[in-house]
Amino acid sequence: MGYALDPDTEPALFDVLRLGLECEDVRADVRDLDRLLETVRASKADYVFHLAAQPLVRKSYVEPLVTLSTNVMGTAHLLEGVRRAARPCAVVVVTSDKCYENTQAGRPMTEDDPMEGTTSIR
């Protein structure tokens with residue numbers, strides 16, 4: 001099952017890969033607590049991969065409240081949904097590399113890298 005907003009691009013990768021043929025596609029917002037709670041409970045998921053975010057740094061400067069409500073409260077809503085479902089479920093929360101200091105090390109970042117994403121707009 002996938003739970004997401006409508007894609008911003010046409011065609012979307014979801015459509016190109018024809019994932020809608022392989023899984024249920026729920027179009028909704030992680031900020032909608034009631035809908036998310038209902039969907040998590042009904043899914044009876046064993047694993048949840050949380051990738052729902054407003055990931056664009058420049059957009060976050062223009063729309064900080066949307067970014068915070070999506071990224072912080074959306075995550076809290078999902079975790080609350082799993083908690084209320086009251087059944088064993090592993091949750092993997094995915095983040096962006098933008099939260100890490102860009103050291104230009106020429107290698108993929110790891111969780112051991114220092115936090116300190118840049119806040120300047122270029």
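Modeller: Gladly, and let us start with L51, which sits in the loop between strand 3 (47–50) and helix 3 (57–62). Helices (H or I, at least four residues) and strands (E, at least two) are DSSP runs, numbered from the N terminus. This is a predicted model: local features need pLDDT of at least 70, side-chain atom pairs count only at pLDDT 80 or more, and totals for chains, interfaces and linings use all residues. Residues are numbered from 1 along each chain as its sequence is written, and side-chain values use heavy atoms, with hydrogens and water left out.

Biologist: Why is L51 called exposed?

Modeller: Buried means under 20% relative accessible area, exposed over 50%, and partly exposed in between (1.4 Å probe, protein chains only). L51 has 59% relative accessibility, so L51 counts as exposed.

Biologist: Which residues is T67 in contact with, leaving aside its neighbours within four places in sequence?

Modeller: They are Q54, K59, S60 and V72, where contact means heavy atoms within 4.5 Å.

Biologist: What makes the pairing of the T67 and Q54 side chains a polar contact?

Modeller: A polar contact is a pair of N or O atoms within 3.5 Å; within protein, one must be able to donate a hydrogen and the other to accept it, and residues adjacent in sequence count only if both atoms are side-chain atoms. The side chains of T67 and Q54 make theirs at 2.9 Å.

Biologist: Why point out the phi of R18?

Modeller: Most residues other than glycine have a negative phi, and most peptide bonds are trans. R18 is not a glycine, yet its phi is positive, about 60°. R18 belongs to the loop between helix 1 and strand 2, and at a relative accessible area of 55% R18 is exposed.

Biologist: Where is A86, and what is its phi?

Modeller: A86 is in the loop between helix 4 and strand 4 (90–93). Its phi is positive too, about 55°, although A86 is not a glycine. With a relative accessible area of 67%, A86 is exposed.
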